[in-house]
Amino acid sequence: MQSLTLSTITKAFGAVRALTDVSFTVAPGERVALLGHNGAGKSTLMKIVLGLLRADRGQITVLGAVPGSNAARTGTAYLPENVAFHPSLTGLEQLRYYLRLRGETPAKAIDLLERVGLKDAARRRIGTYSKGMRQRVGLAQALIGTPRLLVLDEPTSGLDPVSRREFYTILEGLAADGVAILLSSHALTEVEAKTDRIVILRDGLLVADDTLANLRRKAALPIRLQVAARPGSADEVAKKLAGGRRNGVVVDLLCQHDDKLARLGDIAALGAMIEDVEILPPSLEDIYSHFSQRPAS
Amino acid sequence: MSRILAASTAEFRIALRNRWVTIAVLMMALFSLVLAAAGSAPTGDVGADRLSVTVASLTSLAVYLVPLLALLMSFDAIAGEVERGTLPLVLTYPVSRAELLLGKFTAHLGILALAVIVGYGLAAAAAIATDARAIAGIPALVRLVWTSLLLGATFIAIGYAISALARRPGAAAGLAVLLWLVMIVLYDLGLLAAVVADGGGSFTTDVFPWLLLANPADAFRLFNLAASEATAAAAGISGAAGTIPTAHSLTSIALWPFAALGLALAAFRKVTP
Ligand SMILES: Nc1ncnc2c1ncn2[C@@H]1O[C@H](COP(=O)(O)OP(=O)(O)OP(=O)(O)O)[C@@H](O)[C@H]1O
Ligand SMILES: [Mg+2]
């Protein structure tokens with residue numbers, strides 16, 4: 001059974017169509033990244049999954065239950081974007097409160113704070129925390145109990161590079177235990193290595209839902225070959241290969257995946273004029289732009 | 001139940017940090033002591049003991065101060081969470097809105113109880129210290145305490161309803177002040193004017209008593225003054241309503257907290273985080 005199933009979810013705020021016919025699933029143990037431009041509908045979709053907003057149309061099952069039902073809320077943990085807490089409470093008090101709301105013993109609070117590296121600040125008021133520290137409190141509360149579905153809205157925003165890595169290590173462990181994870185992010189490089197599947201929204205429409213390797217194939221973006229010519233021969237190399245000159249020595253070529261070997265053969269034939277060749281496959285940014293940009297019309 | 005307690009503990013701690021507990025207690029204590037001092041002047045050979053007299057003046061104080069304190073504590077409860085952005089997260093926890101509301105409610109009512117007991121207690125101690133017969137007024141004092149809490153509970157819940165309807169703390173504060181002015185001050189003035197204009201007609205005998213009972217603050221005043229031996233000391237509107245049975249005013253002050261909580265919950269349920 002899927003942990004999360006969305007089918008033809010549609011939501012409008014007045015004239016703004018935030019989501020249109022969005023359907024996808026998240027299986028247990030799967031990490032799905034939700035990508036899309038600002039205002040694409042990521043946060044709205046998550047709020048609908050959590051039962052905070054009601055979809056205008058479509059069906060959702062969260063852990064086999066209705067979103068917002070007690071069963072769904074018991075098994076789901078959420079980290080909102082721009083997570084906020086009462087500034088007068090200390091990190092420890094805030095977590096003890098959340099633990100008690102989930103029926104867990106408040107004694108676990110200090111362990112959770114230690115897990116996100118906040119043990120030393122546990123007894124300070126959240127009002128004195130830095131942005132990243134507040135984000136860590138948000139992560140700590142999402143790890144309470146044994147959630148079976150994690151919904152994380154830009155979980156790594158405000159985290160330093162080391163904490164980001166630690167965060168994804170925690171996620172890896174949870175996914176290995178069968179927890180389904182849906183997270184949104186604008187940091188493509190971390191998503192690339194740390195998630196299993198990518199869902200891209202554009203203006204509330206689902207435009208991609210696949211593994212990165214499959215998306216790369218589907219996008220069929222050209223591969224870039226960077227040819228470094230020997231001094232003085234760049235013009236001739238550019239002419240023979242029909243490529244564009246970039247600076248004094250580098251010639252840029254674009255080719256499709258299937259042409260790659262043939263083009264490399266052309267380059268090798270130039271022999272002594274060539275100093276080096278770099279093969280640059282399309283980056284994740286290229287693939288993301290391909291799917292998330294509006295078609296030029 | 002444990003979730004209500006958890007919410008209540010957190011709310012109480014926040015009120016403590018924000019000095020709300022101190023402010024509420026100090027306010028009640030200050031006003032009660034001033035009243036006790038004013039009431040300690042020799043009143044001639046009035047039959048009532050000093051504590052009963054103090055309770056009568058505390059009653060007229062409580063009508064103004066208890067609703068004010070209650071509204072001051074509660075107007076931010078929901079609008080503040082909406083503004084700070086703390087509401088969406090807590091609403092994804094397995095806890096119902098009713099439980100969250102009751103958690104806040106018990107915390108705020110507890111703070112009010114503390115303030116009321118300290119304030120009235122100081123005034124009572126002053127009365128008992130200067131008049132040996134004052135022990136006779138203890139039942140009236142006890143009655144004043146629990147009716148004050150019912151009145152406070154009503155206005156705390158009304159404050160939540162305002163908070164949920166307004167969605168923004170600034171607007172909620174304005175609405176709370178307006179409501180206090182209308183329900184506590186203008187309502188009585190309006191009724192008085194209507195009674196005078198009516199000149200003893202059917203409005204005064206048939207409608208007016210029910211309008212008095214409909215306002216929790218008036219019902220509170222009626223009940224305490226009617227039940228107290230010092231009724232004579234009370235002037236104004238309550239004299240005209242001397243015919244209203246105590247059971248009616250008691251019913252009104254006992255039902256109001258539930259009605260107000262129902263209203264607050266209905267308004268809270270409409271808030272989309
Ligand atoms: N409560 C609301 N009222 C009106 N419009 C809203 C509301 N919430 C979201 N929207 C609109 O819905 C659209 C989607 O917003 P959403 O917050 O889901 O975007 P997002 O993908 O999370 O963007 P970001 O990357 O900036 O976080 C936007 O056009 C936004 O203006
Ligand atoms: Mg968002």
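1. Salt bridges between the chains. A salt bridge here is a side-chain nitrogen of Lys or Arg within 4 Å of a carboxyl oxygen of Asp or Glu. By that rule, two salt bridges are counted between chain A and chain B. A:Glu93 pairs with B:Arg13, and their closest N and O atoms are 3.4 Å apart.

2. Ground rules. This is a predicted model, where local features need pLDDT of at least 70 and side-chain atom pairs count only at pLDDT 80 or more, while totals for chains, interfaces and linings use all residues. Residues are numbered from 1 along each chain as its sequence is written, chains are lettered from A and ligands numbered from 1 in the order in which they are written, and side-chain values use heavy atoms, with hydrogens and water left out.

3. The interface. Chain A puts 25 residues into the contact and chain B puts in 24 residues. Contact means heavy atoms within 4.5 Å. The area buried between chain A and chain B is about 2,400 Å², with 63% from carbon and sulfur atoms. In chain A, the residues that lose the most area to chain B are A:Arg73, A:Arg100 and A:Leu101, together 27% of what that side buries. Buried area is the accessible area (1.4 Å probe) that two parts lose on being put together, summed over both.

4. The magnesium ion. Which residues coordinate the magnesium ion (ligand 2)? A:Ser43 (OG) and A:Glu81 (OE) do, at 2.0 to 2.6 Å. The two come from distant parts of the chain, 38 residues apart: A:Ser43 sits in helix H1 (residues 42-50) of chain A, and A:Glu81 in the loop between strand E5 (76-79) and helix H3 (91-101) of chain A. Helices (H or I, at least four residues) and strands (E, at least two) are DSSP runs, numbered from the N terminus. Donors are N, O and S atoms within 2.8 Å of the metal (3.2 Å for Na, K and Ca); water is not among the atoms, so sites may look incomplete. A:Ser43 is buried, at 15% relative accessible area. A:Glu81 is partly exposed, at 32%. Buried means under 20% relative accessible area, exposed over 50%, and partly exposed in between (1.4 Å probe, protein chains only).

5. Salt bridges overall. Over all chains, the structure holds 21 salt bridges. One of them joins A:Glu104 and A:Lys108, with the closest N and O atoms 2.5 Å apart. A:Glu104 is partly exposed at 22%, and A:Lys108 is partly exposed at 37%.

6. A strand-to-strand pair. A:Asp252 bridges to A:Arg224, with the closest N and O atoms 3.8 Å apart. A:Asp252 lies in strand E12 (residues 250-255) of chain A and A:Arg224 in strand E10 (residues 223-229) of chain A, so the pair ties together parts that are 28 residues apart in sequence. A:Asp252 is buried, at 17%. A:Arg224 is partly exposed, at 37%.

7. A pair within one helix. A:Lys240 forms a salt bridge with A:Glu236, the closest N and O atoms being 3.2 Å apart. Both lie in helix H9 (residues 234-241) of chain A, four residues apart, about one turn of the helix. A:Lys240 is exposed at 52%, while A:Glu236 is partly exposed at 40%. Elsewhere, salt bridges that share partners join A:Glu30, A:Arg197 and A:Asp209 into one network.

8. A loop residue in chain A. Where is A:Arg148? It is in the loop between helix H5 (131-142) and strand E6 (149-153) of chain A. A:Arg148 is partly exposed, at 48%. Leaving out residues up to four places away in sequence, its contacts include A:Ser3, A:Leu63 and A:Gly178.

9. Buried positions in chain B. B:Asp218 lies in helix H10 (residues 216-227) of chain B and is buried at 3%. Beyond residues up to four places away in sequence, B:Asp218 touches B:Tyr187, B:Asp188 and B:Leu212. B:Leu61, in helix H3 (residues 50-74) of chain B, is buried at 12%. Its contacts outside four places in sequence include B:Phe31 and B:Leu35.

10. A nonpolar patch. B:Ile128, B:Ile135, B:Ile138, B:Val142, B:Trp146 and B:Leu250 make a nonpolar surface patch of about 480 Å². Patches are made of residues with over 30% relative accessible area and no salt bridge: like charges are joined within 9 Å, nonpolar side chains (Val, Leu, Ile, Met, Phe, Trp, Tyr) within 5 Å. Accessible areas come from the Shrake-Rupley method with a 1.4 Å probe; for residues, only the protein chains shown count as cover. Helix H7 (residues 138-166) of chain B gives the most to the patch, with three residues. B:Ile128 lies in helix H6 (residues 97-130) of chain B and is partly exposed at 32%.
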